[in-house]
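Good morning, colleagues. Please turn to the structure on the screen, which I shall take from its contacts and core to its sheet and its cavities.

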Amino acid sequence: MRLLKTGQYKLIEANDIPDPFPQYAILSHTWISPKDEITYQDFKQRKGDIENDIFKQKGWAKLQRYCDRAAKDGWDWAWMDTCCIDKTNPADTQEAINAMFRWYQNAGVCYAYLEDVDASPSITHGSFPMDLDLDDIAGKDNVANPTSFHHMALKAFLVKAKWFTRGWTLQELLAPPYLVFVDRAWRRIGTRESWADEIKTASRIEARHLTSFNPMDFESCSIAMRLSWASRRETTVEEDETYSLLGLFGISLPLIYGEGRLRAFYRLQRELITVYNDPSIFAWKAPQQNKRFVGTHWKGHNPEGGILAPSIREFWDASSIGFFGLYGDSFSMTNRGLQVNAKRWRRKDDPAKYFVRLNCGVESSRHIGIPLSRVDGSYERTQVGELYDMMKINLDEWKEEDGSQSIFIRTRSNLNFMVPSSIFTLRYPDRVSIGEKYLVDFSDDIGTSMQHLAEGFPGYDLKKDELIIEPKQLIFVNIVVQHVATQSELDIIVDLTGSGHPSVGILTRENEPWERLGDPTTRASKYEMLAEHLHFSGPPQYPVVALEETDSAIGICLSPTPRLARSFKLPPEKVKSVPLREYVLKVTIQENIDLSALELPRRKRRRDT
């Protein structure tokens with residue numbers, strides 16, 4: 001562990017720190033940007049430029065102000081993540097992340113720097129010195145007094161501080177024995193305890209956890225509760241969404257940057273199941289406000305049937321779920337799935353439907369139940385948008401099973417879960433007119449009935465001739481091509497596989513065996529049969545179609561394109577996670593060609609306009 005010498009702004013290597021190890025201050029903050037913060041490599045290679053104020057002035061000023069703050073309060077040593085970790089060294093990064101909670105826990109004081117909170121207006125109003133620390137004021141004007149002017153003036157800004165939205169600052173809030181907030185000018189504006197009500201508003205963490213949090217105590221603070229605190233936070237690096245939580249559970253994991261957020265969280269869940277016996281880890285559910293994950297493959301059901309949550313976001317509503325103790329349930333991870341010994345019930349009118357009771361819930365008498373479905377001798381999670389409240393279940397409709405016999409629940413979390421949706425922009429000549437659009441959805445591997453493709457899509461501001469398609473959907477776009485005295489009716493076909501790979505084709509509506517003229521909703525069965533044939537037998541096989549009694553042919557070309565700057569009707573945190581793909585779907589007509597030399601599907605007959 002390296003430290004800064006506060007009076008000299010000097011970085012001291014671990015081997016040069018005196019023994020016994022000195023007490024130190026520690027910083028919790030949000031980065032200005034990776035390009036502005038002073039790094040370990042900067043100290044080693046650009047120290048002269050930094051001190052001469054010609055390199056990373058913002059980052060150097062921040063480091064100096066931090067050291068000055070700590071020195072003013074009597075701390076000769078300080079730690080700062082930007083420069084005390086060599087992030088170019090994987091071993092150094094691994095050690096730091098696994099030790100981070102302990103480093104904050106052992107610090108003498110933690111300064112939580114809120115760059116977007118400014119106490120100047122409050123100080124000016126009270127005619128106090130501008131460098132005044134608001135926790136140094138005597139009497140009722142002390143910021144710790146919730147009715148003081150300073151507290152009332154700052155509370156709205158503190159609740160909205162960016163610091164409460166970042167993943168790493170969660171453990172930095174809970175680990176230190178003493179945490180004090182400082183504003184953008186490095187003035188002390190009150191301790192963690194004095195802002196307990198505002199912290200609960202900003203993070204949903206109750207005051208009791210701020211002073212008594214213990215990573216090993218799950219009865220007072222369950223796994224689900226901790227994950228709920230992290231469910232709305234963000235990290236710059238997607239894997240850090242999981243790695244930033246290791247200290248909260250007292251565990252270590254190998255860091256595998258590049259594995260993605262889904263695999264990282266999957267590994268964390270498996271480790272928690274192996275080490276602890278808290279079943280609240282299974283008490284997750286899809287967001288109620290929109291069970292369709294915008295921009296990802298999510299339909300309010302669990303395509304993989306896994307008992308493990310696809311992401312931290314599924315714990316959005318678990319902040320009040322408690323663990324009832326070590327008695328009762330037992331579970332373990334096996335190569336067959338999650339082996340569970342717990343009370344379970346089977347629905348009397350549907351022998352495939354079950355639910356298992358977990359030893360956790362909102363109150364001790366209100367256990368949570370997880371809906372299951374029996375498939376091929378094992379069980380899978382269903383109805384992921386809800387958890388059963390045992391106080392509201394009508395047990396007359398259910399038959400209790402033998403709880404002494406283990407069952408196996410599929411554990412696989414769909415690691416390809418967040419498969420991106422795709423936007424297709426249609427481009428076509430003037431003689432082509434676009435008609436109705438229809439889809440068949442194969443997300444349940446069976447296929448829905450024919451339905452209209454909605455013009456809009458929740459969260460997106462789509463332009464004319466733009467379609468948004470989700471994985472496992474097949475789309476028909478009716479088009480009409482005008483000729484001098486005739487017209488041709490065709491369908492553009494777009495098929496998106498479960499992994500998000502697109503394929504396109506074009507097919508006349510007049511040819512047997514797939515003739516489907518007229519209203520598709522009244523000819524739905526023919527369309528549905530064609531959709532099933534194309535989706536399961538391979539991509540559409542009709543890239544070009546000849547137009548009979550003309551010297552032209554019509555075709556389509558699919559090309560990926562960089563994502564456009566778009567207007568999203570979404571919260572900022574969701575916009576960032578939308579991994580859209582975009583394509584241009586171009587309709588082309590080639591004139592004056594010798595069709596006799598080509599083997600192309602031809603129209604059955606001509607239709608007069």
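By contact I mean heavy atoms within 4.5 Å of each other. The model is a predicted one.

I begin with Y111. Setting aside its neighbours within four places in sequence, Y111 touches A25, I26, L27, S28, Y66, R69, A70, D73, W75, V180 and V182. Y111 also belongs to the largest nonpolar core, which has 123 residues. It is listed there with L4, L63, W79, F181 and F282 among the residues with the most contacts inside that core. Helix 5, residues 90-106, supplies the largest share of this core, namely seven residues. Another core lies apart from it; its 23 residues include F424, I469, V477 and I479.

Seven strands make up an open sheet with mixed pairing, in the order 2-1-4-3-5-6-7. Strand 2 (10-12) and strand 7 (188-191) each have a single partner strand, so one side of each has no neighbour in the sheet. On average, neighbouring strands of this sheet are turned by 35 degrees against each other, direction ignored. Strand 6, residues 179-182, runs antiparallel to strand 7 and is joined to it by two bridges. V180, one of the contacts of Y111, has T191 of strand 7 as its bridge partner.

Of its 13 lining residues, F282, F331, L338, V340 and L358 are the closest to its centre. Strand 9 (330-334), strand 10 (337-341) and strand 12 (353-361) each give two or more residues to that lining.

Notes
Residues numbered from 1 in each chain as written. Predicted model: local features only at pLDDT ≥ 70, side-chain atom pairs only at ≥ 80, totals over all residues. Heavy atoms only, no water. Pairing = 2+ DSSP bridges. Helix = DSSP H or I, 4+ residues; strand = E, 2+ residues; numbered from the N terminus. Axes fitted to C-alpha atoms, helices over the stretch in contact; angles between N-to-C directions. Core = buried A, V, L, I, M, F, W, Y, C linked by side-chain atoms within 4.5 Å. Buried < 20%, exposed > 50% of the residue type's maximum accessible area, 1.4 Å probe, protein only. 1 Å grid on protein atoms, 1.4 Å probe; cavity = no way out; pocket = protein on both sides within 12 Å on 5 of 7 lines; lining within 4 Å.
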